[in-house]
Amino acid sequence: MNNLDTKTINFLLADDHSLIRQGVEFLIEEIGFEGEIFHASTLQKVLETVGSQEIEIVVIDAIFPDGNSLNIISDIRSIKPEVKILVFSGVDESTQSIKYINAGANGFLSKLSEESEIKEAILKIHQTGKYISSITQGVLIDSLQNRSTINPLQKLTERELEIAELYAKGYGNLEIANNLNVKQNTISTIKKRIFDKLHIENVVDLADLIKNYH
C-alpha cells in the first residue's frame with residue numbers, strides 16, 4: 001500500500017472496545033507504518049497519552065463511558081496542535097460527522113466502512129492531513145447550499161438573536177436577565193419563543209445552530 005515515507009509514525013487508538021483497537025492496529029500494520037501504536041479506552045487516558053507520548057495520529061471513537069470525544073478534541077489540540085485526528089465511530093455519519101469536523105477533527109469515518117476504506121482514510125490522514133468520505137462530502141455540500149439559502153436564525157428578531165447568542169455561550173436565565181437588565185420571566189418567555197421558531201428543544205441544539213449559521 002504505498003508511498004509511505006520512512007518517517008516513524010506513532011498512533012493512538014482510542015476506543016473503549018479492545019477488539020476495535022486491535023482491528024485498527026492490524027490494518028495499520030498491514031499498511032506498513034513504522035512506529036509505536038498506543039491504546040486508550042477512556043478520554044482521560046487519551047489526554048494523558050497525547051501529553052506524554054510523541055503521537056502523530058489519533059484514531060478515536062465518538063462515544064466513551066466517560067463522555068463524548070467531541071468535547072476533548074480542542075484539549076488534544078491544545079496539548080499537541082499538529083496532531084491529526086480521525087474520528088472512527090458507529091454514530092450516524094450523515095448527521096454527526098460535521099460536528100466533529102467543526103470541532104477540529106481532520107476526518108470522520110464510519111465503523112461500517114470496508115477494510116479498504118479504513119486503510120485509505122488512515123493513509124489520507126497521514127499524507128494530506130484530512131479525510132472526507134463520500135457521505136460527509138455530500139453532507140458538507142448540502143450544508144453549504146442550505147446555509148446560503150435558508151438560515152434559520154433569520155427567523156429571530158435582533159433581541160431574540162442577542163439572547164440566543166448568550167445561551168450559546170453558556171449563560172443561564174438569571175445571568176442573561178441581569179446582563180440585559182430585564183426580568184427573568186421575560187427571558188424565559190423569549191427562550192421559549194426562540195425554541196419554537198427554530199424547532200429545537202434544548203440549548204445544545206441552539207448552540208449548534210449559532211455555530212453553523214451565525
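Helix 7 (residues 158-168) and helix 9 (residues 184-198) pack at an angle of about 95°, so they are roughly perpendicular to each other (65 to 115 degrees). The model is predicted: local features need pLDDT of at least 70, side-chain atom pairs count only at pLDDT 80 or more, and totals for chains, interfaces and linings use all residues. Residues are numbered from 1 along each chain as its sequence is written, and side-chain values use heavy atoms, without hydrogens and water.

**Helix 7 and helix 9**
- The axes of the two helices, lines fitted to C-alpha atoms over the stretch in contact, are 10 Å apart.
- E160, I163, A164 and Y167 in helix 7 meet I187, I190, K191, R193, I194 and K197 in helix 9, where contact means heavy atoms within 4.5 Å.
- By class, this contact has six nonpolar, no polar and four charged residues.

**E162**
- E162 lies in helix 7 and is partly exposed, with a relative accessible area of 33% (buried is under 20%, exposed over 50%, partly exposed in between, with a 1.4 Å probe and protein chains only).

**Aromatic pairs**
- The count comes to two aromatic pairs, with ring centres within 6.5 Å.
- F11 and F33 form an edge-to-face pair, 5.1 Å centre to centre with 70° between the planes (edge-to-face is over 60 degrees, stacked under 30 and tilted the rest).
- F11 lies in strand 1 and F33 in the loop between helix 1 and strand 2, so the pair ties together parts that are 22 residues apart in sequence.
- Both F11 and F33 are buried.
- The rings of Y100 and F108 have centres 5.8 Å apart and planes at 45°, so this pair is tilted.
- Y100 and F108 are both buried.

Methods: Helix = DSSP H or I, 4+ residues; strand = E, 2+ residues; numbered from the N terminus. Axes fitted to C-alpha atoms, helices over the stretch in contact; angles between N-to-C directions. Parallel < 35°, antiparallel > 145°, perpendicular 65-115°, else oblique. Nonpolar A, V, L, I, M, F, W, Y, C, P; charged D, E, K, R; others polar. Phe/Tyr/Trp six-rings, centres within 6.5 Å; stacked < 30°, edge-to-face > 60°.
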